[in-house]
Amino acid sequence: MERFVQVILCLCLPWMASGKTWHVRQAGTGHPIQHALDLAAPGDTILVDKGIYTEKGLVIRKPVCLRGIDWPILDGEKQYEILAVSANDVVVEGFHFQYSGVSGWHDIAGVKIYNAHHVTIRSNILDHTFFGIYCLGSSNCTLSGNTIHSDADNDIQSGNGIHCWKCDSMRILDNEITRHRDGIYFEFVTHSLIRGNRSFSNARYGLHFMFSHNNVYERNLFRHNEAGVSVMFSHGVTMLGNTFTENWGGSAYGILMKEITDSKVIGNHFLNNTSGIYMEGTTRILVTENTFSGNGWAMKIQASCSDDVITRNNFNGNTFDIATNGSLVLNTFNANYWDKYEGYDLGRDGIGDVPYHPVSLYSMIAEKNPTVMMLYHSFMVGLLDKSEKVIPSITPEALRDDKPFMKPLRLP
Amino acid sequence: MKIIKYIISDIIRNKIMLAYTVLLLAISLSVFNLEDNKAKGLLSLMSVILIVVPLVSIIFATIYIYNSAEFIELLVSQPLKRTRLLLSVYSGLAISLLLAFLIGSGIPVLIYSPSIVGGVLIAVGMGLTLVFASLAILASVLAREKAKGMGIAILLWFYFSLIYDGIVLFILFQFSDYPLEKASIVFSSLNPIDLGRVVILLKMDVSAMMGYTGAVFKEFFGGNWGSIYSGGIILAWIVAPLYLSVRRFNRKDL
Amino acid sequence: MINAAHVSKKFGKLQALRDINLTCSKGQSIALIGPNGSGKTTFIKCLLGMVVPDSGTIQFHGKNIANEWEYRSKIGYMPQIGRFPDNMTIAQVVDMLKDIRKKDASATDEDLIHAFQLDRIMNKRMHTLSGGTRQKVSACLAFLFGPEVLILDEPTAGLDPLASELLKDKIRAVREKGKLILITSHVLSELDDIVSEVIYLEDGCLKFHKNMEQLKLDTGEDRLAGAIARVMRSTEKR
């Protein structure tokens, strides 16, 4: 606790040195925080005591530091947007936002940043806000250590946890987002870092982005989201060491990638998802050092994907390793470990001497005609698969790993 | 019904029965010991049970009835109702086969994977034992010669294990432009092995992998009514062949 | 006691029984004779309800036996081939039949079991027994409950001479008690001193049903074998 206080003091020193400190001491009638904000000069710090504040829409128009002591509650009374930030260099920390309005027309949020840069929103609790933190046309903002929780049960009457639109160089760090529509939602967001967030039990996607280029996603956890993670129409995406797990359902994916180009998927864990990775229309994606374990399908790669490289991954205990929907194979599979590999290694170099075909006949058939899954695990399907293994006729011959590892790779 | 206990005591001394029990036990134990993942162990065990249990049940029961032809004749000459006699023979066979199955697979499942899925697997195995013993009775009542009866029995097993699924696969492809989810529920009801497999898979929550079909199946078979429905269908698969057998047997010349 | 009226039975194209009419009464011991395939066994099976006639009725004590089963408690039957479940012991088979007939040990007739010395091997399993021994078991079961009617299908086939004699002694003893006995046998010489009546079947037809004395008188033979041979020859001539 002491260290925590020190950290906060250090971080706030610049303002303490340069500006005045205002103290809002009690909750009550009127609009004490807004009043303080109006009185404060740029660079000032406003401390807010514990209590419940119903300000009916706070607005920060100048660069100040607004800090809560013992998480004072800012209540939107289920009607209002709780806090709007339209100035640069603002810091908001230590508040408990609750009950923003809910609207089918406006994107009402707990905190909304309008066209600002270098805004920091950190260590807040957002409880039952429609949208959590909403950034519009902003840049270089940091959203960190916030706990954003709602109770969305379906994706119609709910908003996103962290929502960014037309932003650049954002830093989304160590937030926890649960039971919103999408945990983290980006549209037209570039050059941003998303690290250490935990997004789970959301009504739609744990992470959802479109047209968002050159962003880095690192060590995030996406667990048990209704439809997993979905990313589309972007290039330069880097995914490092994330965990995609327990996204289980008819249309749930560890990660669904559509029209993604020139990207890297490295060192991630895909565990117990219906499909670990689903790729459609992707180009030049490097998938390496990932662990696929306990998924229904480790990867589904549609025939529209090209020049993707899948190498040095561990495939372990998946029902189907790879599924595809066509005979055209424009992607490279090389030097992975497949637990279903039954080849041998005479040279004792750790690499199997015969190629491995990761696509089973049945997964091909099921891809074309899903009703066939009715016969899943039946004797006949087993026989079909065995005979196809001996004489491949339907499964794409080119989809194979020529240098499969005999033993699992040591991956982080 | 007094003769059931004599039939059981005869069958449980049968070497084939002993071999069946040992085989199931060996399969169950090796599956659970080789697979470190219990769920996968159950899945492998399911595949084996769905093949072996119907096969052994129908073949063993058919052979037993043909080998006991003279004995059954003797019993018919006794003051016994034929219906009661046939049902006693069936009960004796069914109870012995169930006993073998429960020792061979039930106990290992109970030890290694005491879960709802395990319970459902055992229930399905028991159901299939009863169904195929019943089909065996029908086969042996229909055909006078042993060779023909065995042929019918093997064909029945082959049909339910393989041919039927082949036909379904063919139909699904021929009519792939139409929504066949509802039809596939009917298809699975018309084959006790398919029905058993679908029920187990749904309990294992692999329905997500079955796409929309899985969702339809889950909705249909998932709830209490679904359990009652599948139980009812299996029961019908036991009772219907038995009923036909009894009717035929009552008029049969021995 | 047993009345058959217009009994016919067809197996596929084979007419096994053609319009059989006959009456068997208490105290008679009847030899059922005829060439192979003449319908002897089929007739017996009809009596036992194992084969259902296509037409005609069979009455037992004046009651139609169609769809009945209780009357069989008054019949003891020894089939041509006695086979039992492999892993049952003799004792179990005996116990089972006692269970079926709801009789306790005191009311049963176990003379034959003792005569055949089966009581010493009661715990042997059926598959370890020879054909002859199984035949002995069959015979014992037929006599076990002291039935009013005894139906013996080739009773001495497969029995050693000693056992044959023991069985015949038993048959005679039972006959003295005034029971109805029906025997089929190929060994006609054996039947001479047992039977009082002869029923002769050929091609499913009842050729005659005669008293033994009458038959001997008609054919001029004093042994059954000779008499039957004469009958067969005379039918061939026609």
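A crossing of two helices is called right-handed if the near helix is turned clockwise from the far one by less than a right angle. The views below come from a predicted model.

**View 1. Helices α2 and α5 of chain B cross with right-handed geometry.** The axes of α2(B) (residues 15-34) and α5(B) (residues 82-112) come within 9 Å and cross at roughly 15°. Angles under 35 degrees count as roughly parallel, and α2(B) and α5(B) are therefore roughly parallel to each other.

**View 2. Residues of α2(B) meet residues of α5(B).** On the α2(B) side the contact includes Met17(B), Tyr20(B), Leu24(B), Leu25(B) and Phe32(B). Among the α5(B) residues they meet as a group are Ala100(B), Phe101(B), Ile103(B), Pro108(B) and Tyr112(B). By class, the contact of α2(B) with α5(B) has 12 nonpolar, five polar and no charged residues.

**View 3. Helix α2(B) packs with helix α3(B) (residues 38-67).** The angle is about 170°, and the axes are 10 Å apart. That makes α2(B) roughly antiparallel to α3(B). From α2(B), Ile16(B), Tyr20(B), Ile27(B), Ser28(B), Val31(B) and Phe32(B) take part; the residues in α3(B) are Gly41(B), Ser44(B), Leu45(B), Val48(B), Val56(B) and Phe60(B). The contact of α2(B) with α3(B) divides into nine nonpolar, three polar and no charged residues.

**View 4. Helix α5(B) bends at Leu102(B).** The bend is about 40°. From its first C-alpha to its last, α5(B) reaches 43 Å with 31 residues, close to the 45 Å expected at 1.5 Å a residue.

How values were computed. Residues are numbered from 1 along each chain as its sequence is written. Chains are lettered from A and ligands numbered from 1 in the order in which they are written. This is a predicted model: local features need pLDDT of at least 70, side-chain atom pairs count only at pLDDT 80 or more; totals for chains, interfaces and linings use all residues. Axes are lines fitted to C-alpha atoms, for helices over the stretch in contact, and angles run from 0 to 180 degrees between N-to-C directions. Helices (H or I, at least four residues) and strands (E, at least two) are DSSP runs, numbered from the N terminus. Angles under 35 degrees count as roughly parallel, over 145 as roughly antiparallel, 65 to 115 as roughly perpendicular and the rest as oblique. Two residues are in contact if their C-beta atoms, placed from the backbone, lie within 7 Å. Ala, Val, Leu, Ile, Met, Phe, Trp, Tyr, Cys and Pro count as nonpolar, Asp, Glu, Lys and Arg as charged, and the others, Gly among them, as polar. The expected span of a helix is 1.5 Å times one less than its number of residues. The bend at a residue is the angle between axes fitted to the seven residues ending there and the seven starting there.
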